[in-house]
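Hello,

Here is the structure you asked about. My notes on it follow below.

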Amino acid sequence: PFDVLVIGGGPAGAAAAVYAARKGIRTGLAAERFGGQVLDTNSIENFISVKETDGPKLAGALEAHVREYEVDLMNRLRAQKLVPGPEGITVEFENGVSLVGKTVVLATGARWRDINVPGEAEYRTRGVAYCPHCDGPLFKGKNVAVIGGGNSGVEAAIDLAGVVEHVTLIEFLPELKADGVLVRKLYSLPNVTVVKNAQTTEILGDGSRVTGLTYADRASGTSHQVDVAGVFIQIGLVPVTDWLKDSGVELTRHGEIAVDARGQTSVPGVFAAGDATTSPYKQIVIAMGSGATAALSAFDHLIRSSAP
Ligand code: FAD
């Protein structure tokens with residue numbers, strides 16, 4: 001078995017693998033898509049000591065750094081089950097492979113939350129988008145909608161307003177939940193319309209592309225249509241932890257893996273790091289720090305539990 005088996009290849013998993021391998025212990029890393037959310041990121045300006053970089057560049061650097069060490073790096077492997085046992089912790093993958101770790105670091109990150117209305121799945125990548133940094137320029141000169149009035153939605157609307165013709169921001173609640181400074185900026189823009197207290201009911205299309213959306217005014221119950229070429233869904237991130245159901249690893253009601261300050265989960269020998277956990281503020285430097293913490297805790301667990 002591996003001494004440390006890392007599941008996930010984003011900043012948290014990469015940091016965990018480097019820290020574990022530097023202890024000279026047998027380290028494996030299995031990821032569905034090495035690089036994680038970083039791959040979907042355009043410009044990164046808050047990765048401390050690097051003034052500016054972009055997602056693919058940072059993901060490439062993460063991989064190169066991991067490959068400097070004796071890490072068994074397995075890309076395109078999707079974990080579907082975790083089974084703790086007396087002989088170690090077994091992780092089963094979708095392709096039928098199983099790997100065993102004396103300790104495991106869970107770092108499966110997060111993904112965009114779906115809104116689950118008709119049209120969303122059908123028009124995904126054909127007008128339904130989640131990443132303004134990635135897809136905003138595709139809608140140059142067109143009208144788009146942003147669903148969600150929290151920080152990510154308002155930031156997306158401000159960002160898109162500089163690129164597209166017009167932005168309609170749709171918020172479910174009677175007020176925008178974003179920080180005041182962002183809301184003031186949003187209202188200062190001439191090509192943004194804000195619709196509050198509105199429930200998006202359907203994303204419309206012509207069979208090949210998005211043509212608009214409908215929403216219900218929650219006060220009056222009336223239905224309205226907005227004609228847009230793109231719909232950016234910005235209603236939050238969900239931790240990628242569904243596969244841990246029934247594993248014994250405690251999740252919060254939001255689906256985050258409950259960890260203590262050392263990255264220890266509720267199952268001995270199982271540690272976790274990054275956006276998949278209860279660690280506040282989902283950021284690259286924070287994910288890396290927690291990955292390092294989890295690996296060092298795993299090492300500590302190994303030296304304390306191995307027979308003399
Ligand atoms: P992730 O990066 O989500 O990586 C998760 C890893 O786990 C991936 O390799 C994935 O393939 C793998 N995985 C998932 N499920 C499974 C499974 N079942 N089996 C095997 N592997 C699995 N942060 C900043 O600090 N600065 C920024 O400028 C910034 N901009 C961002 C812009 C966008 C558009 C997005 C989406 C995020 C941005 N972030 C930014 C946040 C940052 O990307 C995340 O906080 C960080 O990537 C989290 O790292 P992680 O390793 O926990 O998870």
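**Contacts of Leu237 and other findings**

Leaving out neighbours within four places in sequence, Leu237 is in contact with Ala110, Arg111, Trp112, Arg113, Asp275 and Lys282. Please keep in mind that this is a predicted model. Leu237 belongs to strand E18, residues 237-239. Is Leu237 exposed or partly exposed? Leu237 is partly exposed, because 16 other C-beta atoms lie within 10 Å, and the partly exposed class falls between the cut-offs of 12 or fewer for exposed and 20 or more for buried. Between Leu237 and Glu165, which are 72 residues apart along the chain, the C-alpha separation is 27 Å.

Leu82 is placed in strand E6. Leu82 is buried, since 22 other C-beta atoms lie within 10 Å. Not counting residues up to four places away in sequence, Leu82 touches Ile89, Val91, Leu244, Ser247 and Val249. From Leu82 to Val154 there are 72 residues in sequence and 38 Å in space, C-alpha to C-alpha.

Gly8 sits in the loop between strand E1 (2-7) and H1. Gly8 counts as buried because it has 31 C-beta neighbours inside 10 Å. With residues up to four places away in sequence not counted, Gly8 touches Gly13, Ala31, Gly36, Leu106, Ala107, Thr108 and Gly109. Gly8 and Tyr281 are 19 Å apart in space, C-alpha to C-alpha, and 273 residues apart in sequence.

**Helix H2**

H2 covers residues 55-67, which makes 13 residues. From its first C-alpha to its last, H2 reaches 18 Å, close to the 18 Å expected at 1.5 Å a residue. The buried residues in H2 include Gly55, Leu58, Ala59, Leu62 and Val66. Why do the buried residues of H2 line one face of the helix? Seen down the axis of H2, they fall within an arc of 100 degrees, so they line one face. As background, an α-helix has 3.6 residues a turn, so residues three or four places apart point the same way. Ala64 and Arg67, on the other side of H2, are exposed. The buried residues of H2 pack against helix H1 (11-21) and against strands E2 (27-31), E3 (43-44), E4 (53-54) and E5 (71-75).

**Helices H1 and H6**

H6 runs over residues 284-305 and has 22 residues. Its reach from first C-alpha to last is 31 Å, close to the 32 Å expected at 1.5 Å a residue. The axes of H1 and H6 come within 7 Å and cross at roughly 35 degrees, in a right-handed crossing. On the H1 side, the residues that meet H6 are Pro11, Ala12, Gly13, Ala14, Ala15, Ala16, Tyr19 and Ala20. On the H6 side they are Ile284, Ala287, Met288, Ser290, Gly291, Ala292, Ala294, Ala295, Leu296, Ala298 and Phe299. By class, the contact of H1 with H6 has 16 nonpolar, 3 polar and no charged residues.

The buried residues of H6 are Ile284, Ala287, Met288, Ser290, Gly291, Thr293, Ala294, Ala295, Ser297, Ala298 and His301. Among the elements that cover them are E1, H1, E3, strand E8 (98-106) and strand E19 (270-272).

**Helices H4 and H5**

H4 (residues 151-161) and H5 (residues 180-187) pack at an angle of about 35 degrees, and their axes are 10 Å apart. H4 passes H5 in a left-handed crossing. H4 contributes Asn151, Val154, Glu155, Ala157 and Ile158 to the contact, and H5 contributes Leu182, Val183, Lys185 and Leu186. By class, this contact of H4 with H5 has 6 nonpolar, 1 polar and 2 charged residues.

**Two positive phi values**

Most residues other than glycine have a negative phi. Arg76 has a phi near 60 degrees, a positive value in a residue other than glycine. Arg76 lies in the loop between E5 and strand E6 (79-85), and is partly exposed, with 13 other C-beta atoms within 10 Å. Asn197 also has a positive phi, near 55 degrees. Asn197 lies in the loop between strand E13 (192-195) and strand E14 (198-205). With 16 C-beta neighbours inside 10 Å, Asn197 counts as partly exposed.

Regards

Key. Residues are numbered from 1 along each chain as its sequence is written. This is a predicted model: local features need pLDDT of at least 70, side-chain atom pairs count only at pLDDT 80 or more; totals for chains, interfaces and linings use all residues. Helices (H or I, at least four residues) and strands (E, at least two) are DSSP runs, numbered from the N terminus. The expected span of a helix is 1.5 Å times one less than its number of residues. The arc is that of the directions from the helix axis to the C-beta atoms. Two residues are in contact if their C-beta atoms, placed from the backbone, lie within 7 Å. Axes are lines fitted to C-alpha atoms, for helices over the stretch in contact, and angles run from 0 to 180 degrees between N-to-C directions. A crossing is left-handed if the near helix is turned anticlockwise from the far one by less than a right angle, and right-handed if clockwise. Ala, Val, Leu, Ile, Met, Phe, Trp, Tyr, Cys and Pro count as nonpolar, Asp, Glu, Lys and Arg as charged, and the others, Gly among them, as polar.
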